[in-house]
Amino acid sequence: MTTTGKIVAVNGNMITVAFDGAVAQNEVGYAICGDKKLMAEIVRVRGTRCDMQVFDATTDLMVDDRVEFTGELLAAELGPGMLAQVYDGLQNPLAELADEAAKISKDASFFLQRGMYLPGLPRDRKWDFHPTAKAGDRVAAGDFLGWVTEGIFDDKTMPGHKIMVPFALRGVYTVKSIAPAGDYTVTDDIATLTGPDGKDVKVQMMQRWPVKVPIKCFAERLEPTETLETTVRTIDTFFPVAVGGTYCIPGPFGAGKTVLQQTTARYAKVDVVISAACGERAGEVVETLKEFPEIVDPKTGQSLMKRTIIICNTSSMPVASREASVYTAVTLAEYFRQMGLNVLVLADSTSRWAQAMRELSGRLEEIPGEEAFPAYLESRIAAFYERAGRVRLKDGTTGSVTIGGTVSPAGGNFDEPVTQATLKVVGGFHGLSRARSDARRYPAIDPLDSWSHYNSVIEQDRVEKARAILRKGNEVGQMMKVVGEEGTSLADFTTYLKAEFLDAVYLQQNAFSDADATTPVDRQREMFDVVEKALGAEYGFAEKDETRRFFLDLQQTFIDWNDKPFGSDEFKSLKTALVQKIDGAVR
Ligand SMILES: Nc1ncnc2c1ncn2[C@@H]1O[C@H](COP(=O)(O)OP(=O)(O)OP(=O)(O)O)[C@@H](O)[C@H]1O
Ligand SMILES: [Mg+2]
């Protein structure tokens, strides 16, 4: 018997429901609104009443309207068919939603229809199941039963999409039977397992998992020690991200958070990217949707979209599902991690997620914390980032989820609660600065304020030396604004020029130039050697103009070098030219 209830109050997207029977926190229910059923989640239970956030506009919902509870927590569908999808925060496939809406009328397909929900995994599509387990095998949650081909995951260059024992099963099961190789839908039975209690369970390729509960079918968590190659030089060399690590990109409006995340989504060396556009403007998301299918993934030679999932909850979509979108994203990521893959989750922007939390907390009349955010803001943010990690799976292989979130603090003031709560838990901080973005020094990651606890692709002491020059150069630059160039010593002035040189040729990287947008680690190492040589040299110039001319010339040659294909003849000859220029100028 499922529980039912009646609405006793409607307050924005929150409803209070009097119920009979039993309900659970985070259980899903549907509010009946005429011929529509609006999905809602229980956010608080008090006695025989509960508060629910409705994932749709609540217009026309009235007191005494019926609510039907499902007995299930807010869950995602996991299985073949997720890659290349564009979902909303509740895992509704957006393209199919539009097709479905078009059946109502042509105009309707332009707008999201209230109360229309579709399954996250296509039900009619068949997948080529290849069993790897056999009758008699002892298996537990997360163990592999077989695999299917899904896009680039074809068991050739990439492993196949693994079909796993449902994560919710407890204890050791025995495979009673397994389906022969063949084509099956995600809801067809592909195996029968006998449980510790002697009961049989039928297993399908699709399983459901509650999005707010981390998937933990692994042997152990590992230290995130390996650097994740993003091919953004400032990041990999100066403020690295680890495979299985966490980082955040706070920055004022228009400073380049979204562009930086999209660059990372394209070029980072990971197997699967899950991009959660959370409360961002629709236009930006549309750009991603148009671009991604056209971009070729250098690793597989196929469309980038084949290893990407977009969870899209733009500013015009219901606020409540913003909250769900970050959880859905990380749940999908954990699923792929269980196959031994490296997954990158990009959340843009976590501030808008926090705003959704604040809105809900206000409606619940909870005691507000700083800037009216709820007191549990910090623990929610921490719990989200804690779902990142590199793990050793039970079969000995490793998988990882790396999480990067943007934060958009009002006025670019990093002292606000969301930025501060995030900084407490992440391992890397890529702070974007207004001054840099105004000067069009992209990526606008502030080289003085940013930090990372992870390992760089360059030895740490060498990176520190370069940063020291940036710091000193910045000080000289500030001082020069007051005393002018005349009041600055030649030695200080040279340090200033060295810092500017490092900034111009290494830190700045044009995301829109084909050659410069991505710098693989090998190339970064070779570039850094030359930069280091230029920074470490003692030059024999007698005056400032001469020094300036030298660095401008060196800079121009270096930028030309950046444009040349790695390892080409031009690349080699320009490198030689750079080294000769530096050697020729040394005292
Ligand atoms: N790496 C880059 N190279 C060249 N141009 C860039 C780069 N990063 C950002 N820009 C420029 O800055 C503009 C704004 O960037 P973006 O949309 O990423 O900012 P944002 O921080 O996400 O803004 P919002 O806070 O409004 O979401 C871009 O449209 C682009 O013109
Ligand atoms: Mg943005």
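Helices here are DSSP runs of H or I with at least four residues, strands are E runs of at least two, and both are numbered from the N terminus. This is a predicted model, in which local features need pLDDT of at least 70, side-chain atom pairs count only at pLDDT 80 or more, and totals for chains, interfaces and linings use all residues. Residues are numbered from 1 along each chain as its sequence is written, and side-chain values use heavy atoms, with hydrogens and water left out.

Val482 counts as exposed because its relative accessibility is 71%; exposed means over 50% relative accessible area, buried under 20%, and partly exposed in between, with a 1.4 Å probe and protein chains only. Together with Met479 and Val483, Val482 forms a nonpolar surface patch of about 270 Å² accessible area. Patch members have over 30% relative accessible area and no salt bridge, and nonpolar side chains (Val, Leu, Ile, Met, Phe, Trp, Tyr) are joined within 5 Å, like charges within 9 Å. The areas come from the Shrake-Rupley method with a 1.4 Å probe, and for residues only the protein chains shown count as cover.

Now follow the rest of helix 10. An α-helix has 3.6 residues a turn, so residues three or four places apart point the same way. The buried residues of helix 10 are Val463, Ala466, Arg467, Ile469, Leu470, Gly473, Val476, Gly477 and Met480. Their cover includes helix 2 (233–238), helix 11 (490–507) and helix 12 (521–536), where contact means heavy atoms within 4.5 Å. After helix 10 comes Gly484, with a positive phi near 75°.

By the criterion used, a side-chain nitrogen of Lys or Arg lies within 4 Å of a carboxyl oxygen of Asp or Glu. Arg462 and Glu532 meet in a salt bridge, 2.8 Å from N to O. This pair links distant parts of the chain, with Arg462 in helix 10 and Glu532 in helix 12, 70 residues apart. Glu532 is partly exposed, at 28% relative accessibility. Lys472 forms a salt bridge with Asp492, and the closest N and O atoms are 3.2 Å apart. Because Lys472 lies in helix 10 and Asp492 in helix 11, the pair ties together parts that are 20 residues apart in sequence. Lys472 is partly exposed too, with a relative accessible area of 35%.

A search of the whole structure finds 32 salt bridges. Another one joins the side chains of Arg208 and Glu72, at 3.1 Å from N to O. Here Arg208 is in strand 17 (residues 207–210) and Glu72 in strand 6 (residues 66–73), 136 residues apart. Arg208 is partly exposed at 38% relative accessibility, and Glu72 is partly exposed at 36%. Both belong to a network of salt bridges that links Glu72, Glu77, Arg123 and Arg208.

Next, the strands. Strands of a sheet pair through backbone hydrogen bonds, either parallel or antiparallel. In this model, two strands pair if DSSP finds at least two bridges between them. One open sheet of four strands has the order 10-13-15-16, with antiparallel pairing. Strand 10 (138–139) and strand 16 (200–204) are its edges, each pairing on one side only. Strand 10 is joined to strand 13 (residues 173–178) by two bridges, and Val139 stands opposite Tyr173 in strand 13. Four bridges join strand 13 to strand 15 (residues 189–194), with Thr174 partnered by Thr194 in strand 15.

Six of its seven residues are buried, so strand 22 is largely enclosed by the rest of the structure. Strand 20 (residues 272–278) pairs with strand 22 in the parallel sense over six bridges, and Ile274 stands opposite Val345. Strand 24 (residues 398–407) also pairs with strand 22 in the parallel sense over six bridges, and there the bridge partner of Val345 is Ile403.

Our last stop is Thr16, in strand 2 (residues 14–20). Thr16 is buried, with a relative accessible area of 16%. Leaving out residues up to four places away in sequence, Thr16 touches Lys6, Ile7, Val8, Ala9, Arg49, Cys50 and Asp51.

Notes
Chains lettered and ligands numbered in written order.
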